[in-house]
Amino acid sequence: MGPELQILLTFALFLGLLTAGMAVPFAIAVPAVVYLLLQGGLPALNSLGLVSWGSMNSFTLTCVPLFMLMPRSFGSAG
Amino acid sequence: MLRPYVEKAFAAKGSVMLGEYIYPVQVVWGRKKLSSLDDIKGLKLRVASPEQGEFVRRFGGTSITMGAPEVPSALDRGVVDGIFTAGVGAVLWKDLLKYGYLISVNVNNSYVIANAEAYRKLTPAVQGQLREAVVAGARWNQDAMKQEEGEAVQTLTAANYVITRATQDELAKASATMKPYWTEWAKTRGPDVEDRARQGTSRARPVAMGEAAGQRKSSAALAKQAIAETRVELFCKGLCVAALIVMLVVIGTDILTRSLLNFSFEISDELGGYMLVLISFVSLSVCQVNDSFHHVEFVQARLSERGRVISRLIFDGLSLGFALLLAWQLVRFELSSWRSGDQAPTYLATPLWLPRIVLVIGAAALCVSVARTLIGHARKLRRLTGIQPHGS
């Protein structure tokens with residue numbers, strides 16, 4: 001299967017799962033894993049751990065939970 | 001009926017409830033034909049609460065949320081086919097609507113409250129006078145709105161609106177369709193509401209009853225929760241709370257020392273990042289059981305309840321496959337960090353296997369929660385298809 005077809009298939013799967021009502025994070029994750037498998041088979045999955053760690057271990061993104069905490073605190077403070 | 005629960009909820013927030021009144025009942029108004037429950041099918045209706053949204057979905061419509069200022073243009077452009085409001089609301093947009101289907105969907109409550117501390121400082125006589133004034137004001141408010149509601153319906157009838165009152169059969173059908181939903185709904189609101197819902201099951205209810213003050217939850221998706229949190233999710237939730245506190249303390253301390261003492265511990269970047277990883281991964285299982293992940297409702301809204309449960313089962317199966325795969329890879333990643341003895345290139349020189357272990361905990365908890373969700377949906381499907389488990 002050519003790379004173009006793989007991308008097309010993955011994208012179609014993503015759109016299909018998304019519109020069908022699958023939870024958005026899983027609708028993104030499942031086609032991503034399928035693409036990895038199509039690209040390099042099982043060894044391609046080795047990157048999952050490092051990518052998961054690297055993408056979330058970011059001080060810049062700590063503002064996200066703190067920003068979400070702020071309105072909750074204001075709301076609870078009455 | 002709700003008063004003791006509402007008073008308790010307000011008391012927990014340091015307020016005293018002095019009085020209450022209700023707004024006119026919420027019914028459905030449409031641009032397109034809307035004279036029966038069956039007409040809801042295929043319509044896009046603007047709703048004001050998750051419960052109204054569930055009502056629409058259960059009758060084959062699509063629920064849409066938007067702010068009141070956007071409603072006129074949405075009706076005009078056909079973005080929505082109808083709205084839920086009382087007659088007084090429909091009069092405001094009477095040129096944009098044509099049909100009124102008077103089915104008691106829900107009522108909205110309003111409460112007059114006072115700061116408990118300030119209230120207690122008043123003499124008993126003044127407290128009594130205040131309560132009397134509030135009760136009189138609330139009664140006037142309610143009566144005036146009731147009268148205006150009657151006038152509004154007359155105005156709309158005179159404007160050639162097609163107004164249909166729901167029959168007793170339709171009311172019974174709507175109540176029966178929504179009844180299973182309330183059991184699930186009550187579970188998400190805590191023991192007080194569950195207790196009240198259990199007591200109230202024999203009573204006739206508005207089909208999409210409004211929520212009591214102080215018990216509203218922010219996410220519409222919570223209304224669909226089918227799985228209760230167990231120790232796994234509670235443990236994960238506790239970890240996330242602890243991580244958030246650590247994050248706040250570490251970053252807050254660094255901000256203070258930097259601005260006041262011109263000094264930094266140089267660990268906030270590192271620890272903040274670790275805490276974020278923890279929160280991101282460990283919260284997954286909590287989100288899963290609470291159905292807090294976003295969904296696109298486009299197709300789901302058009303499916304029957306059985307169809308929705310079957311599709312959820314398929315999604316759960318795929319999600320479980322992914323979660324297991326992720327857990328497997330993260331365990332390998334953790335073992336590789338342990339064996340290689342990787343350390344963070346920072347002041348703390350943290351052995352990386354230590355913060356990375358939260359990835360494994362999060363993925364394992366996610367597997368458990370997805371499996372529980374899958375079992376929950378399988379049981380629901382079994383109930384819907386009428387097949388009883390052996391020995392039951």
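Predicted model: local features only at pLDDT ≥ 70, side-chain atom pairs only at ≥ 80, totals over all residues.

Trainee: OK, what area is buried between chain A and chain B?
Mentor: About 3,100 Å², with carbon and sulfur atoms giving 79% of that. On the chain A side, A:Phe26, A:Trp53 and A:Phe59 lose the most area, together 23% of what that side buries.

Trainee: And how many residues does each chain put into the contact?
Mentor: Chain A gives 30 and chain B gives 38, counting contact as heavy atoms within 4.5 Å.

Trainee: How many salt bridges cross that interface?
Mentor: Zero by the rule, which asks for a side-chain nitrogen of Lys or Arg within 4 Å of a carboxyl oxygen of Asp or Glu.

Trainee: Which helices pack across it, say from α3 of chain A?
Mentor: Helix α3 (residues 47–56) of chain A packs on helix α10 (residues 268–289) of chain B, at an angle of about 120 degrees and with axes 8 Å apart. Axes are lines fitted to C-alpha atoms, for helices over the stretch in contact, and angles run from 0 to 180 degrees between N-to-C directions. Helices (H or I, at least four residues) and strands (E, at least two) are DSSP runs, numbered from the N terminus.

Trainee: Who makes that contact?
Mentor: From α3(A), A:Ser52, A:Trp53 and A:Met56; from α10(B), B:Gly273, B:Tyr274, B:Leu276, B:Val277, B:Ser280 and B:Phe281.

Trainee: Switching topic, what does B:Arg31 pair with?
Mentor: B:Arg31 forms a salt bridge with B:Asp81, the closest N and O atoms being 3.5 Å apart. B:Arg31 lies in the loop between β2 (26–30) and β3 (44–46) of chain B and B:Asp81 in the loop between α3 (71–77) and β5 (82–85) of chain B, so the pair ties together parts 50 residues apart in sequence.

Trainee: And how many salt bridges over all chains?
Mentor: Twelve, from a search of the whole structure.

Definitions and conventions
Residues numbered from 1 in each chain as written. Chains lettered and ligands numbered in written order. Heavy atoms only, no water. Buried area = accessible area lost by both parts, 1.4 Å probe.
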